[in-house]
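Visitor: I'm new to reading protein structures. Could you walk me through this one, feature by feature?

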Amino acid sequence: MKKLAILLAFALVLSAASFAMAETRTETIQIGGVSEQVQTERFESARGYTMWIDKANLTPAAQVEGDDVDLFTGADGLALEIYFGGGRDATLEQIGNDAMDMLLENYGQVEEVDASALFPGYTSLGFSVPSGDQRVEYYLVEVEGSAFHFNMTYTAETAEGLVERVHNMLKSFEPLTVEAAG
């Protein structure tokens, strides 16, 4: 009887652990024109979105209660911040103008870039700051009258391969609901 109870307890622990396991999948991505298989894990943010993360190249920081930004870090100082905001009644163009003003104030130059390939199915804007060794990419994705903001910073050295990997991850971005985000 004691052995049966131990076996049942062990089975319960195993089944509970299987529910807690992260959802993963293998993806084939293109890096510099070469196909590569990567293992990704589904990341669900308290800020109201999901994204498939290649944790070998981008690591989410611990989420802190009350913090409104998700931070991800990669090799060579790459950082990606994602947050939701910009006013529920503002247009994407208005939010984009504010973002462009902020980037101009901080970096002195900014270029608009096409973000539609990174966020298929969503209205989006993109900006790039090619300033010396430090690079900045800033994206906005419209969701129900507001926007998710993506701010990625990296060095020129990091641009080789790692930035393409992050771009592949951004393509998997899916907002949940505005209520969850804001």
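Guide: Let's start with how strands pair: two strands count as paired if DSSP finds at least two bridges between them. Helices (H or I, at least four residues) and strands (E, at least two) are DSSP runs, numbered from the N terminus. What you see is a predicted model, where local features need pLDDT of at least 70 and side-chain atom pairs count only at pLDDT 80 or more, while totals for chains, interfaces and linings use all residues. Residues are numbered from 1 along each chain as its sequence is written, and side-chain values use heavy atoms, with hydrogens and water left out.

Visitor: What order do the strands take in the open sheet?

Guide: Here's the general idea: strands of a sheet pair through backbone hydrogen bonds, either parallel or antiparallel. In this model, seven strands make an open sheet in the order β4-β5-β6-β10-β9-β8-β7, with antiparallel pairing. β4 (59-60) and β7 (111-113) stand at the edges with a single partner strand each, so one side of each has no neighbour in the sheet.

Visitor: How many bridges does β10 make with β6, and how many with β9?

Guide: Seven bridges join β6 to β10, and the two run antiparallel. Find alanine 79, and you'll see it stands opposite threonine 153 in β10. With β9, the antiparallel pairing of β10 covers ten bridges. There, tyrosine 138 stands opposite asparagine 151 in β10. β9 and β10 also form a hairpin with two residues between them, and glutamate 144 in the turn has a positive phi of about 45°.

Visitor: Which residues touch the most other members of the largest nonpolar core?

Guide: In soluble globular proteins, nonpolar side chains tend to be buried together. A nonpolar core is a set of buried Ala, Val, Leu, Ile, Met, Phe, Trp, Tyr and Cys residues joined through side-chain atoms within 4.5 Å. The largest one here has 26 residues, and Met51, Phe72, Leu80, Phe119, Phe150 and Leu170 touch the most other members. β3 (49-53), β6 (79-85), β9 (134-143), β10 (146-155) and α3 (162-170) each supply at least two residues of this core. The largest share, five residues, comes from α3. Apart from this core lies another, of twelve residues, among them Leu92, Phe127, Val129 and Val136.

Visitor: How many aromatic pairs turn up in the whole structure?

Guide: A pair of aromatic rings is described by the distance of the centres and the angle of the planes. Rings of Phe, Tyr and Trp (its six-membered ring) pair if their centres lie within 6.5 Å; planes under 30 degrees apart count as stacked, over 60 as edge-to-face and the rest as tilted. A search of the whole structure finds eleven such pairs. One of them joins phenylalanine 150 and phenylalanine 173, edge-to-face, at 5.1 Å centre to centre and 85° between the planes. This pair links distant parts of the chain, 23 residues apart: phenylalanine 150 is in strand β10, phenylalanine 173 in the loop between α3 and β11 (174-175). Both of these phenylalanines are buried.

Terms used. Buried < 20%, exposed > 50% of the residue type's maximum accessible area, 1.4 Å probe, protein only.
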